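Subject: Structure for you to look at

Hello,

Here is the structure I said I would pass on. Please open it first, then read the notes below.

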Amino acid sequence: MHPNLTSSPASRAIDRFLSSPFSLLLAVVLAFLLNAYSLPLTDVDEGAFTEATREMMARGNLVSPMLNDVPRHDKPILIYWAQAASVTLLGQSELGYRLPSLIAALCWLFALYRFCLRHGGRQTAQIAGLVMALSLMVGFVAKAAIADALLNLFIALAMFGIYDYFCDCRDGRGDAVLRRRLFAVYAALGLGFLTKGPVAVFFPLVVSGIFFGLSRNWRCWWRALFYWPGWLLFLAIVVPWHLMVWLDQGDAFFRGFYLKHNVGRYSDTFEGHGGSPFYYLVALPLILMPFTGWLAVISARLARQFRWTRLGTSDGPGQLERFLLTWFVVVFAFFSFSSTQLPHYVVYGCTPLFILLARHPLNVFGRWLAYLPLLIFALVIAGLPWLLPMAAAKTHRPLESMLLAGLVESFSGNGRWLLLALPLVVLGMALWRRLPVWQGLVLSGLVQAAVVFGVVGPRVIEVTQGPVREAARVARELDGTVVAWRIYQPSFSVYRRAVTPSRLPQAGELVLTRTDRYADLGRAIAPLVAEPVYQRGFVTLARVDRERRP
């Protein structure tokens, strides 16, 4: 306990709770597991990944993922294999597709905890685990049926192994220990490469080169870089599938993935996900919520410690801080200058921030600055029932109007009062001066997870994805040929369990389209007519006939 804090029974009870495994378990349940089994799959990413997995299994081709009967070259194979294994075990369900991400997130958390135990002790490990589990974007990544939880796991394992190798090499540990470290690093690099490609190797390579260079420990770095048994292990993991996909598709995957989705994605804007060099300065506070203010308070301290760590030595105080900051800065800078930007990209560099926060827990210093960003965020969440009608009144785009209308209705029920819990708890924690700041932020994080993933998330996703899931079930019951027209919702195919081609419908077929484009569909297929069989929100499912039924 900080000397300026007066202990009380309540604060001692909170301290015992936050030091216990139960607090970490509760954080995982609220942030990772809550509603992961029931929320509809989201488009585009979850729908695209899961439909590619479904089509791969339906064809019996476990080498080349396809999406709507077209080869999908967005990612390598590991996430599809993981989802296929999970679905085989649990069946085609939301949990079946999301289980690999949940397991990867738990392993990522466990790896973080073990690393902090080795380099900081149990208190650091406990706080780092709580911070990671309760950071807003980590909760989304953990329950999303995409490749990012797996990639974060393998990047973290590679980085942790690199720093452990640095410490062992610095301390003159034996060759057997160093070889084990390097084998673990190269295995993580190979699995990461098989998950999302060169990015899994690029960051560990650049970060380790800069860090070992700052420490003037080039000998250890060169030894690791040219450790040929490690590269053999890497190739043994990566090459077999690449050979199989080449035999199956020729060079199509190599051109599509390595040239288009790696070089092209960095140099050109893909799928409307453009940004600016300042994009992640705006996104990072939301990604780290509720711990944004905590990072702001300690940022000057971290910068001073980085400067004070003497260059050219590998054993001065602050070497771990230097490694962690290098890791974060490299990822942040790299994606800040990318032409394609998404919020979850920078999460690859957030693992070191979780550890830095745990190594610098706030007690009394910077209380209001630490709580201010969270309080603003909590007030926005609580104000959604009033802010959404204002936004709906100002928008004139048909799709946005329909979605906002659905959200206004969803947030107008009695459950809206639950949103007030977050600002009230945050304000109470900020005013409780006997409670260390970091503990109040963690407690607020537990409430934030409950509100976001238990109240806000289900309402938003039900409005944006619920109609797609229901339309797919109606189409599946009606049977027959189904096409999509001027709408892209791959989760519709997942729930219908059949490919949905995109084209104009013919007589006797069902067609999925956006409600605001239904009139355009009627004109496009005239003299045929489309009669709705399901319509909710922005989704319309219609049957095409030669004449309107009486």
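P527 sits in the loop between α24 (518-525) and β5 (529-536); helices (H or I, at least four residues) and strands (E, at least two) are DSSP runs, numbered from the N terminus. The peptide bond that leads from A526 to P527 is cis, with omega near 15 degrees.

Some background on the model. It is a predicted model, in which local features need pLDDT of at least 70 and side-chain atom pairs count only at pLDDT 80 or more, while totals for chains, interfaces and linings use all residues. Residues are numbered from 1 along each chain as its sequence is written, and side-chain values use heavy atoms, with hydrogens and water left out.

V44 belongs to the loop between α2 (21-33) and α3 (45-59). N35 is also placed in the loop between α2 and α3. Although N35 is not a glycine, its phi is positive, about 65 degrees. R216, in the loop between α10 (199-214) and α11 (218-225), is not a glycine either and has a positive phi of about 55 degrees.

Are these two residues, N35 and R216, buried or exposed? Buried means under 20% relative accessible area, exposed over 50%, and partly exposed in between (1.4 Å probe, protein chains only). N35 has 14% relative accessibility, so it counts as buried. R216 has 57%, so it counts as exposed.

A104 lies in helix α5 (residues 94-119) and, at 4% relative accessibility, counts as buried. Leaving aside residues up to four places away in sequence, A104 touches A149, L150 and L153; contact means heavy atoms within 4.5 Å.

Next, a pair of helices. In the contact of α16 (residues 319-336) with α17 (residues 351-359), the α16 residues L320, E321, L324, L325, W327 and F328 meet T351, P352, L353, I355, L356 and R359 in α17. These residues divide into nine nonpolar, one polar and two charged. Here Ala, Val, Leu, Ile, Met, Phe, Trp, Tyr, Cys and Pro count as nonpolar, Asp, Glu, Lys and Arg as charged, and the others, Gly among them, as polar.

Last, the protein chain as a whole. Its secondary structure comes to 24 helices and six strands. Buried residues make up 55% of its 550 residues. Its C-alpha atoms fill a box of roughly 85 × 60 × 40 Å, taken along the principal axes.

Regards

Conventions
Axes fitted to C-alpha atoms, helices over the stretch in contact; angles between N-to-C directions.
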